[in-house]
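Grab a pencil and have a go at the exercises below before you peek at the solutions. Each one comes with its steps worked out.

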Amino acid sequence: MRHRLRLLKGTLNLLLCLGLLLTGYGLVEAETTLHELIETGNALVREEKYEAAVRTYKTAWKLYNSSDVVYNLAVVYDHELEFTAKAVYYYEKFLSLEPEAAEAPQIKEWLSLARQRLSPQQGGKTVIQAKLLPLSNKLMDPASDESCLKGNEHLAQGEYEAAIGAYRKALLSNKSQAACYNLAVLYDYGLQYKASAIYYYQRFLGIAPDSANAPEVATRLEQVKQELLHDQDPHAESQIYKLRTAK
């Protein structure tokens, strides 16, 4: 009888211990979801608690291997904490995970600039030159459109006004997608006239919503809008990137 009581008591103690473990007093804890971790990290960024945000993102990366987390780590390291080497690492990681992402062209630009900061070129070349690269790299192939071809030729010579005239002629005469796109790129990266860039990005999406370039244009359009907002209001949010959320 005493043996049975001791056995029963031991069983009850074991069940009690298991209960404590399962209710969070021991080693077993409910795992936070990817969405919750990313939202927590994003909230910390908005509060300018960048180191805490990075710790949260890294927890999410360890648990879920999410490309959304990698993207957020890259931009926070680059634009907020200015840890260039870490930014390069996560930019490269993101591009390996999502090479065709809508943000990929912008990420490649930021990656190029970050690499320039890590390894400045000789002979007086500066980071400013790296900023000019997207202008020629981003131009759309005009195919057989002669006016658009002339625009590209003028642009290659740095003749911005002549390039604008040729592109506008192509856009007016045959609603050239390439001319519209190249005008937006010229105003954005070359002349840095953000309002004009926004106009032509929006016009491009109107005439070519199904273009392969449309996702990239939509992403860049939102970024330029934010940049323009900040230029007009110094107290506006200064972020030139948009954090990702869990899909």
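Predicted model: local features only at pLDDT ≥ 70, side-chain atom pairs only at ≥ 80, totals over all residues.

**Exercise 1. Get an overview of the chain: how many helices and strands does it have?**

Step 1: Count the elements. There are 12 helices and zero strands.

Step 2: Read them off from the N terminus, and you get α-α-α-α-α-α-α-α-α-α-α-α.

Step 3: Look at burial. Of the 247 residues in the chain, 40% are buried.

Step 4: Look at the contacts with a separation of 6 or more. Residues 24 or more positions apart make up 52% of them.

**Exercise 2. Check the length of helix α4, then find out what covers the helix.**

Step 1: Helix α4 takes in residues 67-79, which is 13 residues. The expected span is 1.5 Å times one less than the number of residues, so α4 should span 18 Å.

Step 2: Compare that with the model. The end C-alpha atoms of α4 are 18 Å apart, which agrees.

Step 3: Now for burial, where the cut-off is a relative accessible area under 20%. In α4, 12 of the 13 residues are buried, so the helix is mostly covered. Among them are S67, V70, Y71, L73 and Y77.

Step 4: Look for the cover. The buried residues of α4 are covered by elements including α2, α3 (50-64), α5 (84-97) and α6 (104-118).

**Exercise 3. Which residues of α9 are buried, and which exposed residues sit on the face turned away from them?**

Step 1: Do the length check again. Helix α9 has 15 residues (160-174) and should span 21 Å at 1.5 Å a residue; the end C-alpha atoms are 21 Å apart, which agrees.

Step 2: List the buried residues of α9: A163, I164, A166, Y167, A170 and L171. They cover an arc of only 165° around the axis, so they lie on the same side of α9.

Step 3: Turn to the face that points away from the buried side. There you find the exposed residues E161, K169, L172 and S173.

Step 4: Find the packing partners. The buried residues of α9 pack against α8 (146-156), α10 (177-190) and α11 (194-207).

Step 5: Go just past the end of α9. K175 has a positive phi of about 50° there.

**Exercise 4. Describe how α8 and α9 pack: what is the angle, and how far apart are the axes?**

Step 1: Two packed helices are described by the angle between their axes and the distance between the axes.

Step 2: The angle between α8 and α9 is about 165°, and their axes are 8 Å apart.

Step 3: Name the arrangement. Angles over 145 degrees count as roughly antiparallel, so α8 and α9 are roughly antiparallel to each other.

Step 4: The crossing of α8 past α9 is left-handed. On the α8 side, the contact is made by S147, C148, K150, G151, N152, H154 and L155; on the α9 side, by Y160, A162, A163, A166, Y167, K169 and A170.

**Exercise 5. Where are E48 and E82, and what is the phi of each?**

Step 1: Start with E48, in the loop between α2 and α3. Although E48 is not a glycine, its phi is positive, at about 65°. E48 is exposed, with a relative accessible area of 57%.

Step 2: Move on to E82, in the loop between α4 and α5. Phi of E82 is near 55°, again a positive value in a residue other than glycine. At 62% relative accessibility, E82 counts as exposed.

Key:
Residues numbered from 1 in each chain as written. Heavy atoms only, no water. Helix = DSSP H or I, 4+ residues; strand = E, 2+ residues; numbered from the N terminus. Buried < 20%, exposed > 50% of the residue type's maximum accessible area, 1.4 Å probe, protein only. Arc of directions from axis to C-beta. Contact = heavy atoms within 4.5 Å. Axes fitted to C-alpha atoms, helices over the stretch in contact; angles between N-to-C directions. Parallel < 35°, antiparallel > 145°, perpendicular 65-115°, else oblique. Left-handed = near helix turned anticlockwise from the far one by under 90°.
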